[in-house]
Structures are given as C-alpha cells and as structure tokens.
Amino acid sequence: MPDLAATVGTARRGVAGRQGLDPRSKILLVLLVSLAVMSPGGLVFVPASIALATVLAVTERAWSRALLVPVAAVVMYVLGWVLPLVWANPVVTVVAIGCGYLIRFIAAFGVGAHLIATTSPTQLSAALRAWYVPRAISVTLAVMLRFFPVVAAESAAVLDAMRLRGLAGTTDLARHPILGIERFTVPMIAASLRASEDLSASAILRGLGSRRVPVSLDPPRLGWLDLVLLLALTVLAAASLLLPNPLTMVIA
C-alpha cells in the first residue's frame, strides 16, 4: 500500500507540473470563438481569432499549425479582398464570397485544433462531469476524441498499402478515379469498424458504462493561465471592436 500511495502521489505531482489551461476554459474558448466568427458580423473578430489560434499553436509547439493558420488566412484575404479590387470578374466575385466564409472556418479550426491536440479523452470526460453533463453526451464525445486519431492512423496505413501495391499513383487515380476511391474507402470502412469495436471494448474496461462516478488523477482546476486567457480575450475583443479591420470591407 505505501508503494501504491507513493506511485499515485508521483503521478499527481507529474500531472500538476504539466498542467496548462483548464479543459473547461478550452471548451468555452472554442464555443465563444465559433459563435463570434460565425455570427452575421463575425468578420470583425476573425483577425483576433486567427492571432489567438496562432499563439495557442506556438505555446504547444505545433509549428506546422502555427504556420498553416496564418498562411491560409492570408491566402483567403488575398483571394477574397485584394483580388476583387484588382480584377473585376464574376468568377472572382464568387471566389471572394466563398473566401469570406472560409476565413471564418480557418479561425474556428485553429482554436478547435488546440482543444483536440491538448485535451485527452480523460480530461474531457472529467471536465464534462464537472459541468454535470449527461453521461450519454460525455461518453460519446470522449469516444469520438479517441476515434479521430485512430481514423487518421488507419487512413495513413491504407494509403501506404496502396502505394506498395502501386495503386495510389496520380496516373492511376486520374484514369480510374471511382476505382481509386473504392480501393481506399472499402479498407477504411473495415478498419473503422474494427477500431470502433476496440474502442467500445476499451470503454467498457474503463468503466464508462458504470453507474459509479470515476475519480480522475487529473481533475479540472482553474489556474492563472485561465485568468491570462480571460484577459487576452477581453483585450482582443476590445481591439476588434475599436480598431479598423480590413475584413469589414465590402467584398466586391
């Protein structure tokens, strides 16, 4: 028993040492950013949301996302706002209108990717239990969070197998696109079914269907980082409303 207590204490100290934002803060952040940028006047908050998503990616050292989010936003801005001023064309106008919506999704994706990348299913379940969310919803979201990485790994494995058999080349896909999609989709469906069965068995072993409330070694707790996030959101919202914003220009 002393060894078990020491092990649990060491695990708790290790978790406390690497604790970042509270999962509840990250969930609320995703909801607030999504509602803000998707609202009728949401373009006002898009630059601040993209800046926030980039900073969050840098803090977790996700350098590819830290580069992808602002670059994609700049491309959408050039196609949606700059190009119509240079070249007046009906096709350009349609592209500009589409970019005006896509840039909102880029901002929401950047913040949502931080939640997915830094929140484990256990932390998500603990945060939802702290909010007294019904178990049917919390368990479903936790299983979905585990399912996405499995699907990504299985898709990479299927593509590797197709490349080894010479079935994933650009020429073959251009000649037989339907056949190429079929060769990829059928193994993915079988792999997804196997993964879902494994995740269901894992959920049962972890006691997710039990009536007892599980105890988490990493319980959600608010800290100074959450306060910093709140202050940053307040500053960014004020700056978005007070400072001039190039995205509020009418798309020609």
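1. Ser25 is a buried residue here, since its relative accessible area comes out at 14% and buried means under 20%. Keep in mind that this is a predicted model. Ser25 sits in helix α2. Setting aside neighbours within four places in sequence, its contacts are Leu222, Asp226 and Leu229.

2. On to the largest nonpolar core, which has 28 residues. Leu29, Val46, Ile50 and Ile103 are the ones touching the most other members. At least two residues of this core come from each of α2 (23-38), α3 (46-59), α4 (63-86), α5 (90-118) and α6 (121-130). The top contributor is α5, which gives seven residues.

3. Now the helix pair. How do α6 and α7 run relative to each other? Their axes cross at roughly 160 degrees and come within 9 Å, with α7 covering residues 135-164. Angles over 145 count as roughly antiparallel, so that is what α6 and α7 are. Their crossing is right-handed.

4. As for who makes that contact, α6 puts in Pro121, Thr122, Leu124, Ser125 and Leu128, while α7 brings Ser138, Leu141, Ala142, Leu145 and Arg146. By type, the residues of this contact split into six nonpolar, three polar and one charged.

How values were computed
Residues are numbered from 1 along each chain as its sequence is written. This is a predicted model: local features need pLDDT of at least 70, side-chain atom pairs count only at pLDDT 80 or more; totals for chains, interfaces and linings use all residues. Side-chain values use heavy atoms; hydrogens and water are left out. A nonpolar core is a set of buried Ala, Val, Leu, Ile, Met, Phe, Trp, Tyr and Cys residues joined through side-chain atoms within 4.5 Å. Buried means under 20% relative accessible area, exposed over 50%, partly exposed in between (1.4 Å probe, protein chains only). Helices (H or I, at least four residues) and strands (E, at least two) are DSSP runs, numbered from the N terminus. Contact means heavy atoms within 4.5 Å. Axes are lines fitted to C-alpha atoms, for helices over the stretch in contact, and angles run from 0 to 180 degrees between N-to-C directions. Angles under 35 degrees count as roughly parallel, over 145 as roughly antiparallel, 65 to 115 as roughly perpendicular and the rest as oblique. A crossing is left-handed if the near helix is turned anticlockwise from the far one by less than a right angle, and right-handed if clockwise. Ala, Val, Leu, Ile, Met, Phe, Trp, Tyr, Cys and Pro count as nonpolar, Asp, Glu, Lys and Arg as charged, and the others, Gly among them, as polar.
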